[in-house]
Amino acid sequence: AGATSAFNTLQSILAPSISVNFEGVVAPSKPTLAGLTFANVDAVRTIVYKGPFGPEDHRMSMAERVQAILNKGTAVGTSQLLTLPDAGDYRNHNTEFAVDGQAVPG
């Protein structure tokens, strides 16, 4: 049991993780800041999509929204590669990046 627990702990320490948070309001034609929390990741590629949502879609779960964007969304910006610093310490780190306002659908 001890070896299994140690293995699981090591796996969780080494696992890559990423979380992105956007400002509460995203306005067309204005740059938007996004917060990025990451661990064990050296680069992230971003792109803005316009989702195929209507007024009735507010009941969709986040997983359903992501799937809808991947299936029917339209890319409205160019891909951006963010190279992240490698601290080599397996801890969470925070940074911010800007999303080009021209990519935000109106």
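Reply: Let's start with one residue. Thr 46 has a relative accessible area of 16%, so it counts as buried. Keep in mind that this is a predicted model.

Me: Why does 16% make Thr 46 buried?

Reply: Because the cut-off for buried is under 20% relative accessible area. Thr 46 has 16%.

Me: Which strand is Thr 46 in?

Reply: Strand E3, which covers residues 43–46.

Me: And what does Thr 46 touch?

Reply: Leaving out residues up to four places away in sequence, Thr 46 touches Thr 78, Ser 79, Gln 80, Leu 82 and Phe 97.

Me: Which way do the side chains in E3 point?

Reply: They alternate. Val 44 and Thr 46 point to one face and are buried.

Me: Which strand is E3 joined to by four bridges?

Reply: Strand E6, residues 80–83. The two strands run antiparallel. Within E6, Leu 82 is the bridge partner of Val 44.

Me: OK, zoom out. How many helices and strands does the chain have?

Reply: Two helices and seven strands. From the N terminus, the order is α-β-β-β-β-α-β-β-β.

Me: What about its overall size?

Reply: The C-alpha trace spans about 55 × 30 × 20 Å along its principal axes. The radius of gyration is 17 Å, while a compact globule of 106 residues would have one near 13 Å.

Me: How much of the chain is buried?

Reply: Of the 106 residues, 16% count as buried. The chain exposes about 7600 Å², and carbon and sulfur atoms supply 55% of that.

Me: Which residues form the nonpolar patch on the surface?

Reply: Leu 10, Ile 13, Leu 14 and Tyr 90. Together they have about 360 Å² of accessible area.

Me: Tell me about Leu 10 first.

Reply: Leu 10 sits in helix H1, residues 2–14. Its relative accessible area is 43%, so Leu 10 is partly exposed.

Me: And where is Tyr 90?

Reply: Tyr 90 lies in the loop between E6 and strand E7, which covers 93–99. At 47% relative accessible area, Tyr 90 is partly exposed. Its phi is near 65°, a positive value in a residue other than glycine.

Me: What is the phi of Asn 40 near?

Reply: Near 60°, which is positive, and Asn 40 is not glycine. Asn 40 is in the loop between strand E2 (32–39) and E3. With 30% relative accessibility, Asn 40 is partly exposed.

Me: Last one: Leu 33. What does it touch?

Reply: Beyond residues up to four places away in sequence, Leu 33 touches Asn 21, Phe 22, Glu 23, Glu 96, Phe 97 and Ala 98. Phe 97 is also on the list for Thr 46. Leu 33 lies in strand E2. Its relative accessibility is 37%, so Leu 33 counts as partly exposed.

Me: How far apart in space are Leu 33 and Leu 84?

Reply: They are 16 Å apart, C-alpha to C-alpha. In sequence, Leu 33 and Leu 84 are 51 residues apart.

Definitions and conventions: Residues are numbered from 1 along each chain as its sequence is written. This is a predicted model: local features need pLDDT of at least 70, side-chain atom pairs count only at pLDDT 80 or more; totals for chains, interfaces and linings use all residues. Side-chain values use heavy atoms; hydrogens and water are left out. Buried means under 20% relative accessible area, exposed over 50%, partly exposed in between (1.4 Å probe, protein chains only). Contact means heavy atoms within 4.5 Å. Patches are made of residues with over 30% relative accessible area and no salt bridge: like charges are joined within 9 Å, nonpolar side chains (Val, Leu, Ile, Met, Phe, Trp, Tyr) within 5 Å. Accessible areas come from the Shrake-Rupley method with a 1.4 Å probe; for residues, only the protein chains shown count as cover. A salt bridge is a side-chain nitrogen of Lys or Arg within 4 Å of a carboxyl oxygen of Asp or Glu. Two strands pair if DSSP finds at least two bridges between them. The radius of gyration is taken over C-alpha atoms; the globule rule is 2.2 Å times the number of residues to the power 0.38.
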